[in-house]
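I opened my notebook for a first walk through a new structure. Come along and keep the picture beside you.

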Amino acid sequence: MTDPQPDGEFVTVPKDEIDGDFELDEARLRAIRDALETRDRTTLDDQLGVLHGADIADLLEQISVAERFALIELWSGSIDGEILSELDEAVREEILEALPAEDVAEAVRELDTDDVVDLIENLEDEDQADAIMEALDDVDRVAVAQALTFPEHSAGRLMQREVVMAPSYWTVGQAIDFMRASDDLPQQFYHVILVDPRTRPVGHVTLGRILSHPRETPLADLLEESFRTFEATDGEDEVAYAFNQYHLISAPVVDADDRLLGVITIDDAIRILDEEAEEDILRLAGVDSEESLSNRTMDVVRRRFPWLAVNLVTAIFASLVIAQFEEVIAQVVALAVLMPIVASMGGNAGTQSLTVAVRALATRDLTGANVWRVIRREVVGGAINGFAFALIMGIVGIIWFGDPMLGVVIAVAMVINLAVAGLAGVGVPVLLQKVGVDPALASGAFVTTVTDVVGFFAFLGLAAAWLL
């Protein structure tokens, strides 16, 4: 590969210098831990010096508390703002406590205001939050303080105050001259926002269009059709949805009078989408959305206990159904052997439908316009799968226990339960969303209860009717 030089000439850069191993793999992780154990500062500097800030954050999350403190002490580099912004909340608080005050101040000054807001709002220690605020420049401190007055998970918390704006009557040349002369442009930006005399955004122009047009071209002639604004009180989920739906790169945030407050960029929207997807996955499993591998043991116990308690209650409810058929089970012991199969198949089928439905609700693909079509599809699909597995289990039941009617019972129960699983997997999250409950948080327990109760009742009820 060639590398351009200031004088216009090109030199060849060795390929191994481009494709070097700069990732945090197992070998590098072992080398870093060995260096920490032997207090080998030189090796530690060599290993960490080539890593991206996000990889160093991953490293800090994977090593022990003692190793983190040793790294901070030995490493010649510093925990900068980029590393802090990538850290898990629990680890971040430990790191902030261990860092000297001047290092924390230097780190937060490197961050955009939206990253500082994210850093502060997730801190449980108020003293740490106050220290970070004190470390900021006056202008940034005011901006962060104002952002924190907006509702949590709102566009006002998500935006950064560093924006590039220009009067709507400017030309390309005026915009270029302004940006070249300015010494406080944001580190990354994608648009120049055009505003009226009251600083209300009227459109924006990409940097690419500015650089590709003659200097005399009015900026108003280059406006993007995708332009839209968000109010500071809009929910961050609405913002993330719009960025994904309309392929936005950045968008202004305005106050109630439509005046420009800041801008949201695509990296923030992607982070929210990623967090929402991760939150849905965790909540579907009954895990608190704030849980991570960095949590202490008692934090894990405290976060998981409530939903385990809910599952215990639903399991007792399903057991009460079984208790109604004690005599049937006593007379046909094979029912106790086959009963878990029906419930398990229904639970798995329900979870499949539930996962698809919850994600579709989150992305707004499942709406009132298509909900009945989706429910019908899931019920019919579940019934078809039920027939297929019913045939298999019917044959297994006959061969295993030598009773054709037992095979028929489990086959019919399988069809019923898988069809109901499809109905519950879509119907339950839709109903929960209608009543204002997070479907990802509560659907799993309800769907499992429905499939267990229906499966046990159908199987044991049919057995009571046809086998005795």
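These are my entries, from the whole chain down to single residues.

**Entry 1: the whole chain**

I began by noting that this is a predicted model. I looked up the secondary structure and found 22 helices and 8 strands in the chain. Next I checked the overall extent: along its principal axes, the C-alpha trace covers about 90 × 60 × 50 Å. I then looked up the radius of gyration, which is 30 Å for the chain, while a compact globule of 468 residues would come out near 23 Å. I also asked how much of the chain is buried, and 43% of the 468 residues count as such. Last, I turned to contacts with a separation of 6 or more, and 65% of them join residues 24 or more positions apart.

**Entry 2: the nonpolar cores**

Which residues touch the most other members of the largest nonpolar core? That core has 43 residues, and I wrote down Leu60, Leu71, Ile79, Ile95 and Ile132 as the answer. Apart from this core lies another one, of 32 residues, and its members include Ala334, Ala349, Ala421 and Ala463. I then followed Ile95 and left aside its neighbours within four places in sequence. Its contacts are Leu60, Arg68, Ile72, Ile79, Leu84 and Leu87.

I went to helix H5, residues 65-74, where I found Glu67. Is Glu67 buried or exposed? Its relative accessible area is 15%, so Glu67 counts as buried, the cut-off being under 20%. The side chain of Glu67 reaches the backbone nitrogen of Ser64 at 2.9 Å. Setting aside neighbours within four places in sequence, I found Glu67 in contact with Arg33 and Leu36.

Phe69 is in helix H5 too. With a relative accessible area of 40%, Phe69 is partly exposed. Not counting residues up to four places away in sequence, Phe69 touches Glu94 and Ala98. I also looked up how Phe69 sits relative to Glu224: the two are 155 residues apart in sequence, and their C-alpha atoms are 49 Å apart in space.

**Entry 3: helix H17**

I wanted to see whether the length of H17 fits its residue count. Helix H17 runs over residues 297-323, and at 1.5 Å a residue its 27 residues should span 39 Å. The C-alpha atoms at its ends are 37 Å apart, so the two values agree. I did note a bend of about 35° at Phe305, with the proline Pro306 following within four residues. Which residues of H17 are buried? I listed Arg303, Thr314, Ala318 and Val321. Helix H22 (439-466) is included in what covers them.

**Entry 4: two positive phi angles**

I kept one rule in mind here: most residues other than glycine have a negative phi. Asp258 is not a glycine, yet its phi is positive, at about 70°. I found Asp258 in the loop between strand S7 (250-254) and strand S8 (260-265). Its relative accessible area of 32% makes Asp258 partly exposed.

Arg364 also has a positive phi, about 65°, without being a glycine. Where does Arg364 lie? I traced it to the loop between helix H19 (334-362) and helix H20 (371-401). At 38% relative accessibility, Arg364 counts as partly exposed.

Definitions and conventions
Residues are numbered from 1 along each chain as its sequence is written. This is a predicted model: local features need pLDDT of at least 70, side-chain atom pairs count only at pLDDT 80 or more; totals for chains, interfaces and linings use all residues. Side-chain values use heavy atoms; hydrogens and water are left out. Buried means under 20% relative accessible area, exposed over 50%, partly exposed in between (1.4 Å probe, protein chains only). A polar contact is a pair of N or O atoms within 3.5 Å; within protein, one must be able to donate a hydrogen and the other to accept it, and residues adjacent in sequence count only if both atoms are side-chain atoms. Contact means heavy atoms within 4.5 Å. A nonpolar core is a set of buried Ala, Val, Leu, Ile, Met, Phe, Trp, Tyr and Cys residues joined through side-chain atoms within 4.5 Å. The expected span of a helix is 1.5 Å times one less than its number of residues. The bend at a residue is the angle between axes fitted to the seven residues ending there and the seven starting there. The radius of gyration is taken over C-alpha atoms; the globule rule is 2.2 Å times the number of residues to the power 0.38.
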